[in-house]
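Let's walk through this one together, going from ring to ring and then from strand to strand. Have the sequence and the model open as you read.

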Amino acid sequence: MSVTDSRGRGLGWGYFNATVIFMLASFYFIAESISSYEYTSLEDVQMKTNQGDKSIGMLGAKNANITSTKDTTSEDRLRQFVSKAKELLRSGDRDGLTPPLPHEIHYKVSKHQLSTGTSSSFQFSLYPANDTTKTKELAENQYHEFFSSNDQVICKVHHSMMGHFPHFSQAAFPCWSILQRFPNATKRFMEMENRESFKSKRWINDMLKVFESAGISIKKPGGTNTTNQYREWIATPNNIDQPSWPIPDRKDHPTVFKVDGPSYFINQHDVMSLQQHLLQQDYITRMAGSALPLQVLLFQRKGETREWVHAQETANKIKQAWGNWIEVKVLSTLNGNSLKEQALEFHRADIIVSPHGAQLTNLAFIRPCTVVLELFPNQYYLSYFQKYVLSAAGIHYEGYELGRSPLHDTMDAINSFELRKSARAKQMLASPQSILHALPRLILNCLSCQQDDQ
């Protein structure tokens, strides 16, 4: 049996039991995403502006979709801001940290590095809806060109915790990305549960509305194609029901974490299209770090597990040290906010400092070059939201208690539910001094959007 398009042309795939496999190594994926903006180094920007060359704009962005400031006053302010950041970085490295105050813990801040033991890929299967065998074969790369409005592509998801919005995003984001591959087909997103059960879950319900606004219908469980109006196809993200957190491999790599879960977007364009459909007129075209004062968001998680006790004090010290160069906002909670309201808080920020937690699902809405510092409690270092940051072409930093090993600490707790529960419940005591000490490096990375040498 052969499969034909709407004009009766044979597709040459036999009965078309197909698995579409997109393997995107994280390093190349991230490099491709960032290089599309053609960033130059901050030193090059300064040198060219000193020579009177304003063609590169404020931060060297050469993409027509990115807005940058080119007037001399802004460039002078940028040079002053960079000089201040470099001076504070040098003085901080020279003077180091003084002993923490009672009820404070100094945190070491380091840039997230993808190890050789990390697998970050995007895979999905595609097969006819009436195929009961689901024999998997490799399909041609340009398969989406053969689909027309007579084809209905249904993204079908298997996940055991769809009711919790961070895990719902593990299904929704890949399905969004998959369905972008079929511009001419009729598209549907199949839920695992009845939509009525999501009415009280605002983030999830709002995301379903975003799908519908993009022409993606919501297919309720049990629905069938009784009219034979379409040729139905099932697209399934692979391994979505598997943990996407790092699992310590004691046997082969006792000190290396292997990420078993997939990436959540095929490319950065899919991230941007989701942001544009959600934020609409509030979508910001310029990259993070392209305007002063810099917007720094500190998330507190007030009244929740992993509450950052010193968030407000940290904000006060940042304001004292940086004055009008930086605007600091402390966000205590996102409970009760709509999806768009939550997304905008992250979208507007240039630098985000936050404890690990569900609120970081909104990192999918950051702008390119946004710097994110994720603070982890002792014995609970879990690689999860890093992929959201990298998919959006952001820069991810990790904070963990100074003098301790996040890998070894978490390896001791990963197989014990009680230890994990205890670690998750701890207050975050990251000291204002250690965050202030790391801030110049975060600022310079945001401005240059280059990997530093640490």
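**Rings, cores and strands**

Start with the aromatics: the count comes to 15 aromatic pairs, where rings of Phe, Tyr and Trp (its six-membered ring) pair if their centres lie within 6.5 Å, with planes under 30 degrees apart called stacked, over 60 edge-to-face and the rest tilted. Bear in mind that this is a predicted model, so local features need pLDDT of at least 70 and side-chain atom pairs count only at pLDDT 80 or more, while totals for chains, interfaces and linings use all residues. Residues are numbered from 1 along each chain as its sequence is written, and side-chain values use heavy atoms, with hydrogens and water left out.

Now find Phe 173 and Tyr 388, an edge-to-face pair with 5.4 Å from centre to centre and 65° between the planes. The two partners come from distant parts of the chain, 215 residues apart: Phe 173 is in helix α4 and Tyr 388 in helix α9 (residues 386–391). Helices here are DSSP runs of H or I with at least four residues, strands are runs of E with at least two, and both are numbered from the N terminus.

What are the ring-centre distance and plane angle for Tyr 264 and Tyr 388? The centres are 5.3 Å apart and the planes stand at 90°, so this pair is edge-to-face. Again distant parts of the chain are linked, 124 residues apart, with Tyr 264 in the loop between β9 (253–259) and α6 (268–279). Tyr 264 counts as buried because its relative accessibility is 1%. Phe 173, Tyr 264 and Tyr 388 belong to one aromatic cluster, whose members also include Trp 203 and Phe 365.

Phe 173 turns up again in the largest nonpolar core, which has 60 residues; Phe 173, Phe 189, Met 207 and Leu 363 touch the most other members. Such a core is a set of buried Ala, Val, Leu, Ile, Met, Phe, Trp, Tyr and Cys residues joined through side-chain atoms within 4.5 Å. Helix α4 (residues 165–179) gives the most to this core, nine residues. Another core, of 38 residues, lies apart from it, with Ala 311 and Leu 444 among its members.

Beyond its neighbours within four places in sequence, Val 372 is in contact (heavy atoms within 4.5 Å) with residues including Leu 363, Val 389 and Ile 395.

Who flanks β13? Strand β12 (residues 351–355) runs parallel to β13, joined by five bridges; strands pair if DSSP finds at least two bridges between them. Here Val 353 stands opposite Leu 373. Strand β14 (residues 395–401) also pairs with β13 in the parallel sense, over five bridges, and Glu 374 stands opposite Glu 398. From β13 the chain crosses through α9 to β14 in a right-handed β-α-β crossover: with the strands pointing away from the viewer, the path from the first strand over the helix to the second runs clockwise.

Definitions and conventions:
Buried < 20%, exposed > 50% of the residue type's maximum accessible area, 1.4 Å probe, protein only.
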